[in-house]
Structures are given as C-alpha cells and as structure tokens.
Amino acid sequence: MNMEVFMQYVTYLLMAIGVLAFMTSAIVQVIKEMPYLKKIQTNVVALVAAMIITPVAVVILCIYYKITIEWYYVFASFLAAFIVYLVSTGGWEKVTEMWSRTKYNKK
C-alpha cells in the first residue's frame with residue numbers, strides 16, 4: 001500500500017470518527033432530558049450511545065458496500081466506540097491530562 005492510499009484511509013477514518021462523535025453528542029443531548037435518564041451521569045449515557053451507534057454504523061456500511069460482516073469488524077467497532085465516546089465528550093483533554101501526569105518530567 002502506498003502512502004497516498006494510506007493517507008486517504010486515515011482521512012476517511014478521522015472523518016467517520018468525527019461524524020459518529022457528532023451524532024453521539026446530538027443524540028445524548030436529546031435523550032438526556034428524558035425523565036428516567038436524568039438521574040444517570042451524562043458520560044455513562046454518552047458511552048452507551050457510542051457503544052450502540054458505532055457498531056450499527058459499521059454494520060450499515062458493510063451492508064451498503066456489500067462487504068461480508070466478519071466478527072473482527074464488530075469487535076473493532078466496539079474498540080472504536082471508545083474513541084468516539086472520548087471525542088464526543090471532550091475526552092481529549094482527559095487523555096492529555098493523564099499523559100502529562102504519567103510522563104517522565106526531569107527536574
């Protein structure tokens with residue numbers, strides 16, 4: 001695989017994560033106001049929403065492009081759901097904070 005094709009795939013991946021994170025944020029904002037979800041933390045609702053939306057999106061894309069759905073596609077979609085959750089909840093700040101706390105600082 002040459003670098004141009006690789007960069008194209010990376011661009012598609014980042015675009016998909018952005019779209020899924022936007023959809024997760026929008027859905028969470030709408031359903032969070034439901035009476036039985038007001039008692040649950042927003043982060044938990046966002047994680048569950050991402051865990052549902054991401055695998056469904058992968059299955060829909062596989063059906064649309066007539067790709068055979070393999071077990072590792074579904075497994076990878078659950079792993080990607082955590083990334084979607086982090087992006088949709090502003091989790092990059094959390095990740096950089098954890099990195100800065102654990103990285104070695106010379107003093």
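This is a predicted model: local features need pLDDT of at least 70, side-chain atom pairs count only at pLDDT 80 or more; totals for chains, interfaces and linings use all residues.
Two packed helices are described by the angle between their axes and the distance between the axes. Here the helices are helix 1, residues 3-31, and helix 3, residues 71-88. Their axes lie 8 Å apart, and the packing angle is about 65 degrees. The crossing of helix 1 past helix 3 is right-handed.

On the helix 1 side, the contact is made by Ile17, Leu20, Ala21, Thr24 and Ser25. Helix 3 contributes Ile83, Val84, Val87 and Ser88. By class, the residues of this contact are six nonpolar and three polar, with no charged residue.

The second topic is the aromatic rings. Three aromatic pairs turn up when the whole structure is searched. One of them joins Tyr64 and Tyr65, with 5.0 Å from centre to centre and 85 degrees between the planes, an edge-to-face arrangement. Tyr64 and Tyr65 are both exposed.

Trp71 and Tyr72 also pair, with ring centres 5.7 Å apart. Planes over 60 degrees apart count as edge-to-face, and the planes of Trp71 and Tyr72 stand at 85 degrees, so this pair is edge-to-face. The relative accessible area of Trp71 is 65%. Exposed means over 50%, so Trp71 is exposed. Tyr72, at 41%, is partly exposed. Ring pairs also bring in Tyr73, so that Trp71, Tyr72 and Tyr73 are linked into a cluster.

Notes. Residues are numbered from 1 along each chain as its sequence is written. Side-chain values use heavy atoms; hydrogens and water are left out. Rings of Phe, Tyr and Trp (its six-membered ring) pair if their centres lie within 6.5 Å; planes under 30 degrees apart count as stacked, over 60 as edge-to-face and the rest as tilted. Buried means under 20% relative accessible area, exposed over 50%, partly exposed in between (1.4 Å probe, protein chains only). Axes are lines fitted to C-alpha atoms, for helices over the stretch in contact, and angles run from 0 to 180 degrees between N-to-C directions. Helices (H or I, at least four residues) and strands (E, at least two) are DSSP runs, numbered from the N terminus. A crossing is left-handed if the near helix is turned anticlockwise from the far one by less than a right angle, and right-handed if clockwise. Contact means heavy atoms within 4.5 Å. Ala, Val, Leu, Ile, Met, Phe, Trp, Tyr, Cys and Pro count as nonpolar, Asp, Glu, Lys and Arg as charged, and the others, Gly among them, as polar.
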